Amino acid sequence: MLEVESIEVLRGPQGTLYGAGAEAGAINITTKKPHNQTQGKVSVVIGNDKKRRYALNASTLIIEDQLYLSFVVKHDEKEGYIKNLISGNMMNDKESQYGKLYLLYIPY
């Protein structure tokens with residue numbers, strides 16, 4: 001998860017706040033909202049088994065105090081750890097992409 005502002009863990013029935021499906025509790029994850037200041041972040045992680053993670057997120061305004069744009073792009077890949085004895089290749093490689101676009105409009 002990227003651009004997380006807060007995480008709340010609520011125990012017990014939460015039907016009044018979150019509906020009938022929250023009988024045992026709820027986890028409420030709030031993401032950051034874009035604002036008038038343009039900002040961004042680039043992240044690169046390199047680890048064992050050829051693990052690579054690239055992330056880019058940015059937030060900017062389009063119309064001041066009214067229209068905002070935020071986006072997140074993430075790419076994960078990792079080489080597998082199971083060796084195929086016949087071919088000699090590593091198996092169960094993992095690769096995933098993630099993206100989120102957030103457009104916030106606040107009418108006057």
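Strand S3 gives the largest share of the lining of the largest pocket, five residues. Strands here are DSSP runs (E, at least two residues), numbered from the N terminus, as helices are (H or I, at least four). Keep in mind that this is a predicted model: local features need pLDDT of at least 70, side-chain atom pairs count only at pLDDT 80 or more, and totals for chains, interfaces and linings use all residues. Residues are numbered from 1 along each chain as its sequence is written, and side-chain values use heavy atoms, with hydrogens and water left out.

Back to that pocket. It holds about 210 Å³ of space, and of its 13 lining residues, Glu3, Lys32, Gly40, Lys41 and Asn57 are the closest to its centre. The elements giving two or more residues to the lining are S3 (39–47) and S4 (51–63). By class, you get five nonpolar, five polar and three charged residues. The classes work like this: Ala, Val, Leu, Ile, Met, Phe, Trp, Tyr, Cys and Pro are nonpolar, Asp, Glu, Lys and Arg are charged, and the others, Gly among them, are polar. As for "pocket", take a 1 Å grid over the protein atoms alone: a pocket is an open set of points with protein on both sides within 12 Å along at least five of seven lines, a cavity is a set where a 1.4 Å probe fits but cannot get out, and lining residues have an atom within 4 Å of a point. Points are joined across faces, edges and corners, and the volume is the space filled by probe spheres set on them.

Now follow S3 into its sheet. S3 and S4 run antiparallel, joined by nine bridges (strands pair if DSSP finds at least two bridges between them). Val42 stands opposite Leu56 in S4. Three residues sit between the strands of this hairpin, where Asp49 takes a positive phi near 55°. S4 then pairs with S5 (residues 67–78), again antiparallel, over eleven bridges; Ser59 has Ser70 in S5 as its bridge partner.

Zooming out, the open sheet has four strands in the order S3-S4-S5-S8, with antiparallel pairing. S3 and S8 (94–105) are the edge strands, each pairing on one side only. Neighbouring strands are turned by 5° against each other on average, direction ignored, with axes fitted to C-alpha atoms (for helices over the stretch in contact) and angles from 0 to 180 degrees between N-to-C directions.

How many of the nine residues of S3 are buried? The count is zero, so S3 is hardly covered; buried means under 20% relative accessible area, exposed over 50%, and partly exposed in between (1.4 Å probe, protein chains only). S1 pairs with S2 (residues 25–31) in the antiparallel sense over seven bridges, and Arg11 has Gly25 in S2 as its bridge partner.
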